[in-house]
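Open the model in your viewer and keep the selection panel at hand. Each stop below says what to select and what is there.

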Amino acid sequence: MLIHFLKRLALTIPTFFALMFITFVAIRLVPGDPVEVRVGERGISPERLAQFRHELGLDQPVWKQFFDYVWGILHGDFGKSLVTNEKVVTEFFTLFPATVELSFAAMLFATCIGIPAGAIAAVKRGSRYDQTLMGLSVAGFSMPIFWWGLLLIMLVAERLHLTPVSGRIDLIKYYFEPVTGFMLIDSLLSDQKGAFKDALHHLILPMIVLGTVPLAVVARMTRSSMLEVLSEDYVRTARAKGLSPARVIGLHALRNALIPVVTVIGLSVGSLMAGAVLTETIFSWPGVGKWLIEAIGRRDYPALQGGVMLVSAIVILVNLGVDVLYGVINPRIRHG
Amino acid sequence: MADETVVSPEVIPAAESPIRQLWASFSENRGAVFGLIVLCIVTLLAIFADFLAPHGPLEQFRDAVRAPPVWEAGGSWRFILGTDGLGRDMLSRLMFGARVSLFIGIMVMGVSFVIGVLLGLVAAFSSPLVDTIISRCMDLIMAVPGLVLAILIVAVLGPSLTNTVVAVTVVFLPRYVRLVRASAMAELSKDYVIAAKVIGVKKLRLMFSTVLPNCLAPLIVQSALGVSEAILEAAALGFLGLGAQPPVPEWGAMLADAREFIRSDPWIVTLPGLAILITVVSINLMGDGLRDALDPKMRRS
C-alpha cells in the first residue's frame, strides 16, 4: 500500500516541474516590465532601475532565472509580492485558511443536503418529488454562481436583512488575533460574546453559493448510484429477510451507494477552488481566490505565479490522496 | 400492371434512417425537447438581433438612465426590460449578448473538437512515446483548476473576447483528447479494425474513416455539454473583468457592471444572469437527451 502510494507520489514530480516551467514562461510572456510595475509611472534614475533589476534577478540570463526560480520553489521560496514586498508563501498561507473554511462549509452543505435528497429521490423514483429534485439539480448544475451570489445578496442580505453582505466577521464589533486562521474556531477561542454567531452568519451565503454546484452533483450521483444498488441481489435478499425498509435502505443500500459519491466529493477540490475565486470576489471573502484576482489587477506577477503554483500543487496532492484512499476503501480497484 | 407495385423496391419498407431513430428516442425525453426549443429561440434571437432588438446594444438614452422594466411602476413599453446604468436598453443588450455567448460556446466547442480529435487519434495511433507526451500534457492542464488556468492565460494574453475563447478552449481541450483517445483505443482492438488493417487500409484512412465514426457518439454528447460549460466559464471570466471588455454586451461582463445597482435597480442584476441560466439549462437538458438517445448504455437511469 505504502509502495503504491509512493509510486503515485513520484509520478506527480514531473507534473510539478512542468507546472513550474509553464508558470515561469507564462509570466515572462506578459507584456510590460515587472520593474515598471514596482516603480510606477513617474520613472526613476537608470542606476536605481539597474539596482531593481539586479534585486529581482532580471539581469541574469533566462536559464539562470529559471534555475533560480525552481531552486527557490524547492526551498519553499515562491518570490516576493511586487506590491506588498511580502513573501508570496506567507501571504498565501495567511489567507488560505479562509478559503479552506469556506470550501469545507460548502462541501458540508452539499453533502448534508445532497445525499439524503438524492437517496430519497432514488427510493421514490418517478414520483413528483423525484422529478422536481432532478429538475432543480439541472438548474443547480447550470448555475452561474457569480450571479447566484449577487441574487442572494440582493434578496437575503439587502431586502430581508437576514445575513451580512460581505466579509467574514463584523470587524468593528469584534477584534481578536487570528490563532488558527479559521474564523469559526478563532471566534470561539476569543471568548467574545456573539463573535461565533456573527462569523457563522457571515459564512451562510458564501457557503450556499459555493455549495450549489456540488450539491446538484452530489444529489444526482447519490440518486443514480442508489438506483443501481437498489437493484442488486443483496438488497433483494435483505428485503426478503423481512428487514424494515428503513434498515434496508439506510444500512445495506446507502452505505454501498456512497462509495462513488465520496470519490466525487474528494475529486471536486479543483472545481471548489475555481468556484472559490468567484465566491470570494463576490463576498469580499479574504481568501486566496480573491487575492489571485487582485494580484492580476495590481499586475503583481510573482504573487499570481506563486498563487497558481500553490493552488495547483494543493489540488494535485489532494486528488492523489483521494485516489489512494479510494483504493483503501475499495480494494477491487487498487491496481486498476 | 397490378403486380408492378408488389415488386417495386420502393414499397419494401426501408430500414429506419439513423437520424429518424435518434429523433424518436430523443423526443421521448420531454426535458430534452423543451431544452431544444428554448435553445432554438435563443439562437434565433441571437441571429436576428439586428432586426428584432428595439434599440442598438450600445445606444445610450441619457433621458432614460436606469428606467425600470415595463411591469414595474414607472416602466414603459419603450424599454421593455428597462435600461442599465448608462441608459442602454437591456432587452437589446441581452439579445446581442446571446450572440456573443453562443459565439464563444460554439467557437470553443468547434476548436476543441477539431484539435481534440486530431490529438486524440494521434495519441491512440502513434508510438507509446507520442501517446505519453500527449497524455501527460493533458494531465498537466487538468491538474490546474479550470478557472484558475483560464485566469492565468488571460492575464498573460490580455483580456479580450478572442483570448477568452483561447483560454476556455485550452481548459476544456483535455476532455476531448482523452475521450477520443480512450474510445479510439477501445475500437482499435475490435475485429473490424484488424480486418481493415489486414486488407491494407492506409493509416490516415483507418484513423478518420474507419475508427473515428465509431467514436462519435460520446464525442457529440461531450460537445453539446461542452458548449454550456464554455458559456459559463466565459461568463465567469467576463464577470471578473477578464473576458469580453465593455462595452461589448456579454452577459457576464454586464453583471460585473451591475453590482453597484443591487440596492436600487434589481433588474440590471437579475436579467443577464437569468439569460445565462436559461441558455445553459436548455443546452444541458438537450445534452442529457442526446446522451440517452445516442448511447443507451450511458443512460443515467
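**Stop 1: two helices in chain A**

α5(A) passes α9(A) in a right-handed crossing, meaning that the near helix is turned clockwise from the far one by less than a right angle, anticlockwise being left-handed. This is a predicted model, in which local features need pLDDT of at least 70 and side-chain atom pairs count only at pLDDT 80 or more, while totals for chains, interfaces and linings use all residues. Residues are numbered from 1 along each chain as its sequence is written, and chains are lettered from A and ligands numbered from 1 in the order in which they are written.

Select residues 88–123 of chain A for α5(A) and 195–230 for α9(A). Helices here are DSSP runs (H or I, at least four residues), numbered from the N terminus. The two axes are 5 Å apart, at an angle of about 35 degrees; axes are lines fitted to C-alpha atoms over the stretch in contact, and angles run from 0 to 180 degrees between N-to-C directions. The contact (C-beta atoms, placed from the backbone, within 7 Å) has 25 nonpolar, six polar and two charged residues. Ala, Val, Leu, Ile, Met, Phe, Trp, Tyr, Cys and Pro count as nonpolar, Asp, Glu, Lys and Arg as charged, and the others, Gly among them, as polar.

**Stop 2: the other side of the pairing list**

Residues to pick out include A:Val217, A:Met221 and A:Ser225 on α9(A), with A:Ala253, A:Asn256 and A:Pro260 on α11(A). This contact has 13 nonpolar, three polar and no charged residues.

**Stop 3: where the chains meet**

How many residues does each chain bring to the contact? Chain A gives 38 and chain B gives 35. Among the helices of chain A that each supply at least two residues are α1 (2–29), α9 (195–230) and α14 (301–329). The side of chain A has 30 nonpolar, seven polar and one charged residues.

**Stop 4: chain B**

Select B:Ala150. Leaving out residues up to four places away in sequence, B:Ala150 touches B:Ala167, B:Val168, B:Val171, B:Glu233 and B:Leu237.

Last, select B:Leu36, in helix α3 (residues 30–47) of chain B. Buried or partly exposed? B:Leu36 is partly exposed because it has 19 C-beta neighbours inside 10 Å; buried takes 20 or more, exposed 12 or fewer, with C-beta atoms placed from the backbone. The C-alpha atom of B:Leu36 is 9.2 Å from that of B:Gly287, 251 residues apart along the chain.

Terms used. Two residues are in contact if their C-beta atoms, placed from the backbone, lie within 7 Å.
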